[in-house]
Amino acid sequence: MASLSEETKKNLTSQLVKLGDMLGDGLQHEPGGKWISREYNKICRALGLTPARPRANNSQLINEHMAKRITEVVCRECSGHLKQTRSGSMRAKCEACGAVFRLLTVSRRKKGRTS
Ligand SMILES: [Zn+2]
């Protein structure tokens, strides 16, 4: 791996953050937006990073799991209805008492704990 100057690294990193935000917004799916994911992967490689899975896809997966979990689980404190705290979050908040519960555990080290 060729070493980059600190300044180049800084520039690339800030570009990466910007592109990551755009990917998070799904702009790469817009007409003419393909350059975003292309550029993102290019910068990742330049920095010696593995391109991350697009965040949007990951959130979508979590949201799908969460949508199912909140129909199965109720608040442990008051049996109230739970609602996902925000998109992409694995936690849900009780609408009645405000208690927060983690409903999903996604870990790459421990398998088989997500259901
Ligand atoms: Zn509750």
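**Overall architecture, helix 1 and the zinc site**

The chain exposes about 8,600 Å² of accessible area, of which carbon and sulfur atoms supply 50%, as computed by the Shrake-Rupley method with a 1.4 Å probe, where only the protein chains shown count as cover for residues. The model is predicted, so that local features need pLDDT of at least 70 and side-chain atom pairs count only at pLDDT 80 or more, whereas totals for chains, interfaces and linings use all residues. Residues are numbered from 1 along each chain as its sequence is written, and side-chain values use heavy atoms, with hydrogens and water left out.

The secondary structure comprises three helices and three strands, which follow one another along the sequence in the pattern α-α-α-β-β-β; helices (H or I, at least four residues) and strands (E, at least two) are DSSP runs numbered from the N terminus. Of the 115 residues in the chain, 26% are buried, where buried means under 20% relative accessible area, exposed over 50% and partly exposed in between (1.4 Å probe, protein chains only). Among contacts (heavy atoms within 4.5 Å) between residues at least 6 apart in sequence, 36% join residues at least 24 apart.

Helix 1 covers residues 6-24, and its 19 residues should span 27 Å at 1.5 Å a residue, which agrees with the 26 Å between its end C-alpha atoms; the expected span is 1.5 Å times one less than the number of residues. The buried residues of helix 1 are Leu 12, Leu 16, Leu 19, Gly 20 and Leu 23. Because these residues cover an arc of only 110° around the axis, they lie on the same side of helix 1, the arc being that of the directions from the helix axis to the C-beta atoms. On the other side of helix 1, Glu 6, Glu 7, Lys 10, Val 17 and Lys 18 are exposed. Gly 26, with a positive phi near 80°, follows helix 1.

The zinc ion is coordinated at 2.3 Å by the SG atoms of Cys 75, Cys 78, Cys 94 and Cys 97, donors being N, O and S atoms within 2.8 Å of the metal (3.2 Å for Na, K and Ca), with water not among the atoms, so sites may look incomplete. In sequence, the donor residues are spaced C-x2-C-x15-C-x2-C. Cys 78, in the loop between helix 3 (55-72) and strand 1 (82-84), and Cys 97, in the loop between strand 2 (91-94) and strand 3 (100-102), link distant parts of the chain, 19 residues apart. Cys 78 counts as partly exposed at 37% relative accessibility, as does Cys 97 at 44%.
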